[in-house]
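Let's take a walk through a protein chain together, from its overall plan down to a few single residues. Have a look at the sequence and the structure, and keep them in view as you read.

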Amino acid sequence: MQVPSDITDKIIMARLHLFIHQPFFASLAMYLKPRISSDVPTAAIDSKGHLSLNEKFIRSLDQEAMVFVIVHEVMHLVTMTHDRLPVGGNMPLFNIASDIVINEHITNDCIPLPRESMIKP
């Protein structure tokens with residue numbers, strides 16, 4: 001599904017914010033390929049950089065939260081989350097653990113966790 005213009009604008013603004021404040025993350029965020037998906041409750045990324053976004057969730061975010069989501073998904077690529085799940089591993093549990101570690105790295109890089117409903121490190 002094509003990404004609506006208001007969501008495209010949010011992504012662009014998040015990337016611009018990152019170029020000014022976090023150029024490392026900005027350079028990686030430029031490679032993401034956003035798409036709308038009702039199959040994910042929030043956001044998800046595959047190992048090829050396809051960024052699946054839940055339209056309702058993304059529209060609920062302010063700019064600070066959108067920056068956090070973009071950086072969070074980029075970090076799944078940086079940490080190679082997709083390649084580290086052991087054979088026969090518990091995917092939901094592994095994803096939660098990965099999210100906690102990623103969020104701790106992000107908040108240590110001075111990007112605040114935008115709301116308590118996101119997994120807190």
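Which pattern does the chain follow when it is read along the sequence? The answer is α-α-β-β-β-α-α-α-α. Counted up, the chain has 6 helices and 3 strands. The radius of gyration is 14 Å, close to the 14 Å that the globule rule gives for 121 residues, so the chain is as compact as a globular protein of that length. Please keep in mind that you are looking at a predicted model.

Now step back and look at the chain as a whole. Taken along the principal axes, its C-alpha atoms fill a box of roughly 40 × 35 × 25 Å. Of the 121 residues, 40% count as buried.

Which residues touch the most other members of the largest nonpolar core? They are Leu18, Leu53, Ile70 and Val71, in a core of 30 residues. Several elements give two or more residues to this core: the helices H1 (5-21), H2 (23-29), H3 (55-60), H4 (63-78) and H6 (91-108), together with the strands S2 (43-45) and S3 (50-53). Helix H4 gives the most, with 9 residues.

Is His72 buried or exposed? With a relative accessibility of 8%, His72 counts as buried, because buried means under 20%. Beyond its neighbours within four places in sequence, His72 is in contact with Asp99, Ile102, Asn103 and Ile106. His72 and Ala44 are 28 residues apart along the chain, and their C-alpha atoms are separated by 9.5 Å.

Next, find strand S1 (residues 33-36), where Arg35 sits. Arg35 is partly exposed, with a relative accessible area of 35%. Which residues does Arg35 touch, not counting those up to four places away in sequence? They are Met1, Val3, Asp46, His50, Leu51, Ser52 and Leu53. Take the pair of Arg35 and Met1: they are 34 residues apart in sequence, and 6.4 Å apart in space, C-alpha to C-alpha.

Our next stop is the loop between H4 and helix H5 (81-84), where Met80 lies. Met80 counts as partly exposed, at 46% relative accessibility. Its backbone deserves a glance: phi of Met80 is near 55°, a positive value in a residue other than glycine. To put that in context, most residues other than glycine have a negative phi.

Pro112 counts as partly exposed, at 40% relative accessibility. Setting aside its neighbours within four places in sequence, Pro112 is in contact with Glu64, Phe68 and Thr107. Pro112 and Phe68 are 44 residues apart along the chain, and their C-alpha atoms are separated by 7.5 Å.

Definitions and conventions
Residues are numbered from 1 along each chain as its sequence is written. This is a predicted model: local features need pLDDT of at least 70, side-chain atom pairs count only at pLDDT 80 or more; totals for chains, interfaces and linings use all residues. Side-chain values use heavy atoms; hydrogens and water are left out. Helices (H or I, at least four residues) and strands (E, at least two) are DSSP runs, numbered from the N terminus. The radius of gyration is taken over C-alpha atoms; the globule rule is 2.2 Å times the number of residues to the power 0.38. Buried means under 20% relative accessible area, exposed over 50%, partly exposed in between (1.4 Å probe, protein chains only). A nonpolar core is a set of buried Ala, Val, Leu, Ile, Met, Phe, Trp, Tyr and Cys residues joined through side-chain atoms within 4.5 Å. Contact means heavy atoms within 4.5 Å.
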